[in-house]
Amino acid sequence: MTRATEAADALGLTYEVTKHGRVNSLEEAAAARGIEPAKLIKTIVVRLSDDDYRFVLVPGDREIAWPKLRALLGINRISMPSADRALAVTGYVRGTITPLGSTSAWPVIADERITGTISIGGGEHGVGLTVNAEDLVKVLDATVADVTD
């Protein structure tokens with residue numbers, strides 16, 4: 001059990017755990033999980049201000065479109081926190097960040113292309129949770145929008 005699986009259980013989210021060794025790229029992680037890269041979801045934490053963050057769920061084959069994200073949030077400046085700050089505000093090290101089991105329940109934004117069966121980080125290196133995207137969005141009360149290119 002990880003904090004992420006404990007959180008998924010508490011939320012009533014149905015999932016399947018996939019464990020694999022360390023990988024060097026998103027493509028390797030997707031192959032290890034038996035999915036296409038677009039179905040491996042990256043969780044990116046972004047900083048709006050000193051004490052305000054968001055989790056952004058991004059398909060593995062896409063990147064955040066900063067102008068779209070700024071427009072959605074109605075702000076002019078968003079930044080990526082340092083690795084130390086990301087750990088401090090989520091409880092997870094980079095490469096393992098997930099909104100499930102985070103030490104702070106920051107709001108979640110999910111790109112509109114995240115649909116069907118997906119794999120999201122399980123809170124530890126080499127651990128993924130296969131879930132239904134629509135169920136994940138619902139239990140996280142995520143805002144769904146076009147925020148990637």
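Which pattern does the chain follow when read along the sequence? The order is α-β-α-β-β-α-α-β-β-β-α-β, and the secondary structure comes to five helices and seven strands, where helices (H or I, at least four residues) and strands (E, at least two) are DSSP runs numbered from the N terminus. The model is a predicted one, in which local features need pLDDT of at least 70 and side-chain atom pairs count only at pLDDT 80 or more, whereas totals for chains, interfaces and linings use all residues. Residues are numbered from 1 along each chain as its sequence is written, and side-chain values use heavy atoms, with hydrogens and water left out.

The chain has a radius of gyration of 14 Å, which agrees with the value near 15 Å that a compact globule of 149 residues would have; the radius is taken over C-alpha atoms, and the globule rule is 2.2 Å times the number of residues to the power 0.38. Along its principal axes the C-alpha trace spans about 40 × 30 × 30 Å. Of the 149 residues, 48% count as buried, that is, under 20% relative accessible area, with exposed meaning over 50% and partly exposed in between (1.4 Å probe, protein chains only). Among contacts (heavy atoms within 4.5 Å) between residues at least 6 apart in sequence, 61% join residues at least 24 apart.

Helix 4 spans residues 83-90, and its buried residues are Ala86, Val89 and Thr90. These residues cover an arc of only 85° around the axis, which puts them on the same side of helix 4; the arc is that of the directions from the helix axis to the C-beta atoms. The cover over the buried residues of helix 4 includes helix 1 (3-11), strand 2 (40-49) and strand 3 (52-59). Just after helix 4, Gly91 takes a positive phi of about 85°.

In helix 5 (residues 133-140), Ala133, Leu136, Val137 and Leu140 are buried. They cover an arc of only 100° around the axis and therefore lie on the same side of helix 5. The buried residues of helix 5 pack against helix 1, strand 3, strand 4 (108-111), strand 5 (117-121), strand 6 (127-132) and strand 7 (143-145). Leu140, which is found in helix 5, counts as buried because its relative accessibility is 16%. When residues up to four places away in sequence are not counted, Leu140 touches Leu11, Leu57, Pro99, Leu100 and Val108. Leu140 and Ala4 are 136 residues apart in sequence, and their C-alpha atoms are 12 Å apart in space.
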